[in-house]
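Dear colleague,

Please find the structure we discussed handed over below.

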Amino acid sequence: MAEKELDSMSLSELRLLSAFLAMETTDSLLCVARECGGGKLTAKVQSFIWDHCLTKAVGKGYESYSKKFVKKLITEIESNHGNVLDELYEQYASYMISFKDDNPVKENERVCKCISFLFPDCFKLSICPKSRKLVVPLQCSLNMLEGDTGCSVWPSSLFLSELILSYPHIFSGKSCFEVGSGVGLVGICLAHVKASKVILSDGDLSTLANMKLNLEKNRLNTETNLPEPSIENQNVVKCIHLPWESASEKELQNFMPEIILGADVIYDPSCLPHLVKVLAILSNKKKSYIENREGSIPNSFPGDGKVNDAHDLDASSFHAQRINTSEVNNAVDLVSRADPVAYIASVIRNADTFDRFLALADQADLRIKDLTSTLRPFDLLPYMKSYDRSSIRLFTVT
């Protein structure tokens, strides 16, 4: 869409268009539409939906999505005794004729969503486009389990992406490594803020193939055997196949990142020993992981599941934990240290699983801090009603 056209839109219109392109749920989209019309689905709002959403929607899956939305939009307007725009009736009739119910978008089919980051006026940074909108097209699956969950957009990847764009000085010029990179959204944002090196990894081959396609959609070159991308070649992102359970210490030590990132990686108890092993090796430049674990039993969990001293963040009480802001006066301090730092964003869905992660981290001599209340990203996705930022915790692992 032309930049002049974006500039002429009001903020509420821009949010409505962004919600549509991101394929927000129909209920969420209707909520944004009502906000755009001052609480009502006015004729002006309907015309905007017709002119800017329905007639210009391109990409796989939008026709099916649009049909569901238009049907609910018409029902909502009629139920409130409003007047429906003729074009909306005609469009829905067209969907009924050309898009039969016996050929719907299947649950495991992939669609192309556009995630739009909307920068507030206070942003005066070079990473902010003139349109104040960064649009990231992503091919993803409607099936949340496809590609071992890696082909769907998850809340924590949205959160980490907001964090990167909110604090670009933390990641700019740094070597970054993401574990479990999924659709590649975090990597695209790292490239946008000019990280010196971006390495994305995933253990599922179908997810890796989908990720590479998304990087190409965003005009980033992908390499699987690139030795050292230079600072001048920031459009190159390296993608590697890295199953945690088979990752060797020698292999991981070759990467030596300054920053490690992970979004929603704390979810499967059986994977946690392997995840902690990967984090420990990537985070420690001084001692080998084997030396750190000398005398411990690999893949075992402490019986009581508690973490002592600096790790006292058991899942039953971590909501009440707060870090003194004096501990993190400046986020850059975290990445100026000799050892790498990992930023892990996660929704704590199961307290026992989270306790196991903390216990294993303690066993591997990893220090965990909760920065949720200290390092808060800007709300760059204000139109995403389905995105619950309050459920996401941000941790550093060092």
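The notes below go from the whole chain to single residues.

Please bear in mind that this is a predicted model, and that every value quoted here was computed from it.

**The chain as a whole**

The chain has 398 residues, of which 54% count as buried. Its secondary structure comes to 15 helices and ten strands. Among contacts between residues at least 6 apart in sequence, 75% join residues at least 24 apart.

Strand S10 covers residues 392-397, and six of its six residues are buried, so the strand is largely enclosed by the rest of the structure. The burial applies to both faces: Ile 392, Leu 394 and Thr 396 lie on one side, and Arg 393, Phe 395 and Val 397 on the other.

Two strands may be described as partners of S10. Strand S8, residues 341-347, runs antiparallel to S10 and is joined to it by six bridges. Within this pairing, Ile 344 has Phe 395 of S10 as its bridge partner. Strand S9, residues 368-370, also pairs with S10 in the antiparallel sense, over three bridges. There, Val 397 of S10 stands opposite Ile 368. Phe 395 and Val 397, named in these two pairings, are both among the buried residues on one side of S10.

**Cysteines**

With a disulfide taken as a pair of cysteine sulfur atoms within 2.5 Å, the count comes to zero. Cys 112 is accordingly in no disulfide: the nearest cysteine sulfur, that of Cys 114, is 5.1 Å away. As to accessibility, Cys 112 is buried, with a relative accessible area of 14%. Cys 31, by contrast, is partly exposed, and its relative accessible area is 27%. The cut-off that separates these two descriptions is 20% relative accessible area, under which a residue counts as buried.

**Lys 197**

Lys 197 lies in strand S4, which covers residues 197-202. Is this lysine, Lys 197, buried or exposed? Lys 197 is buried, with a relative accessible area of 9%. Lys 174 is 23 residues away from Lys 197 along the chain, and the C-alpha atoms of the two are separated by 6.6 Å.

With kind regards

Notes: Residues numbered from 1 in each chain as written. Predicted model: local features only at pLDDT ≥ 70, side-chain atom pairs only at ≥ 80, totals over all residues. Heavy atoms only, no water. Buried < 20%, exposed > 50% of the residue type's maximum accessible area, 1.4 Å probe, protein only. Helix = DSSP H or I, 4+ residues; strand = E, 2+ residues; numbered from the N terminus. Pairing = 2+ DSSP bridges. Contact = heavy atoms within 4.5 Å.
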